[in-house]
Amino acid sequence: MTLHQDAPAPPAATAAPSRPPRPAGKANEPTRGYLPYLVPGVVLFVAVIAVPLVMNIGISFTKWQGVGDPEWVGWQQYQKLFSDGTFWLSFRNNLALIVAMAVIPTILGLILASALFDVVSKHHPRTTTTLRAAFYLPQVLPAVVAGIVWGWILHPEYGAANAFLRLVGLDSWAQNWLGDEKTALLSVMAVLVWIQIGYPLVIFMAGLQRVDPQLYEAAALDGASWWRRLWSVTVPQIRQEIFVVLLTCTIAGLKSFDKIFVLTRGGPGGATLTPSYFSFQNFFEKANVGYGAAIATILAAIIVTLSFLFLRAQNKEDR
Amino acid sequence: MRLGQRLVTGVLVVLAAVTVFPFLLVLMNAVKSPQDYTARGPLGLPGGIYLKGITDFWLRVDFGEKLFNSTVIAGSVAALAVLVSILMAYALGIGRVKGRVWIIAIFLLANLMPQETLVYPLYYLAKEAGLYDTKLAVIIIFTAIQSAFGVYLLSSVLSTFPREIVEAARIDGANRWQVLWRVVVPLSWPTLSVLLVFFFIWTWNEFFIPMIMLVSNDNQTVPVALGVLQGQRLMDVTAQSASALLGIAPAVVFFLIFQRTLTRGIAVGAVK
């Protein structure tokens, strides 16, 4: 299972290498000769991930402006964090973004993938490929570019969205989509669904190819409707894929910095602020490095816990 | 085809068209002159092909240089990260080094780390090491981040590598290094090529750490240059649609070139 969004995921069962035992005579073949091959990867890991991670945790226990000496303050940043309304607001916003990046795309992706697979692919394989590519296209864009495209479409004065509403006579519906507290979060969510939808679609379509067609035939003979078959046959059969998609998209949702940066910069009035963006502000705009590090540490802790729970649930299923 | 099937096909085609529509909209408006845009609005068809908006924007951000920077960074990272990954995975998956389960678990965890947790120390360390605002810093950082994923993926792929082939090569007198390059790498090439493509595109699309690290214009990548401009809210409508078009173009080119690799990679991956 992969933790990188839209990545080729190795099968979960083989993730922990399990092989038949070696022939007895070779049991003690030295593996030390392979150790030099680990060196470049381990050095990079230590320098770029392990040391910075430990430093970040260390910084989160200090008050530091990024220059001079950090002042040790113990748990103070964390105490401040838990009583900070802005922090909690950013979390609530992040939940909304997770709905837009994980929950809605999974549900829509499931319906679209099944419909494409059941209805279209049998008669028009080429149409299926084209449609799948069309849904997947937003996924290959840099998130920043997707943000620029939508920032322009949703622009209150010259944007296409309002122009369209005026064209069809719904002038009163025209909004400052990203600039109004009431609509900003919903607009960002809509953009995220657009970006995200292709990923579950592609994964689920691949999963569907592996489902035994006889299961559907049997269900159809029993008089099950299309929706019923989707829920009772498809969902259980491709739950592995559903797990992968939900986990990777949730984690991607927790890391949404770039989309927020280009679309709203967390505004208006914190309406689209996320912990990710909030930590950036503290690091680089407010010179509150200790506080930013505390937010980032909490974010890492949540992601690790979530993945751990997901993986455990999945392992239980496998057994 | 039954009526119901036609209806579903119709709905899917409409939804796909809606998904692609923003791309067409960008293309249509990037070739409008400012007057044309004012006269016809964003939804009208362009009255003529006006390329000055695009060329002006290209020159303003020195887009050729940004393309070059992005290509150098993403290309180096893809090649180096695949190299680092295959070396480690060779030791873990085929060499079955002691403690491999732990090493793989730690790399898996590393792959999960949000960049927010690493960014400030990396910024600080890069300054200390004199690497701040260099492409090299970004290349090193993303080689590490991408190879954390590569190690995890390739180790599990190589752990199912047929043992007999490795042993036969050893009996023929090949040493470890030769086995890796003459046997393992050629036979794993399909997986390695998928990884190369993914690493290239992932690195190309990165924004957060490159934005922090690359402050001077000459070093910036395509997403950084465009994202920073957008974040400053200083673009007029012509510049904005030109910027969107120039940002979309490389991504669509990659998509067309690598479409099969991409869908194969994603599809092969999630299937048990």
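## Two domains of chain B

In this predicted model, 10 residues of domain 1 of chain B are in contact with 11 residues of domain 2 of chain B. Domain 1 covers residues 1–50, and domain 2 covers 51–270. Their C-alpha centres lie 33 Å apart.

Which elements supply the domain 1 side of this contact? Helices α1 and α2 (34–40) of chain B each supply at least two residues. The largest share, five residues, comes from α1(B). By class, the domain 1 side that touches domain 2 has nine nonpolar residues, one polar residue and no charged residues.

## A helix pair in chain B

Two packed helices are described by the angle between their axes and the distance between the axes. Helix α4 (residues 63–94) of chain B packs against helix α7 (residues 135–158) of chain B at an angle of about 35°. The two axes are 6 Å apart.

The crossing of α4(B) and α7(B) is right-handed. Their contact has 19 nonpolar, nine polar and one charged residues.

## Where chain B meets chain A

The contact between the chains takes 93 residues from chain B and 93 residues from chain A. On the side of chain B, the elements that give two or more residues are α1 (3–30), α4, α5 (100–112), α6 (115–128), α7, α10 (189–205), α12 (222–231) and α13 (237–270). Both helices of the pair described above, α4 and α7, are in this list.

Which element of chain B gives the most to the side that touches chain A? Helix α13(B) does, with 18 residues. The residues of this side of chain B divide into 60 nonpolar, 27 polar and six charged.

How values were computed. Residues numbered from 1 in each chain as written. Chains lettered and ligands numbered in written order. Predicted model: local features only at pLDDT ≥ 70, side-chain atom pairs only at ≥ 80, totals over all residues. Axes fitted to C-alpha atoms, helices over the stretch in contact; angles between N-to-C directions. Helix = DSSP H or I, 4+ residues; strand = E, 2+ residues; numbered from the N terminus. Left-handed = near helix turned anticlockwise from the far one by under 90°. Nonpolar A, V, L, I, M, F, W, Y, C, P; charged D, E, K, R; others polar. Contact = placed C-beta atoms within 7 Å. Domains from an automatic or database assignment.
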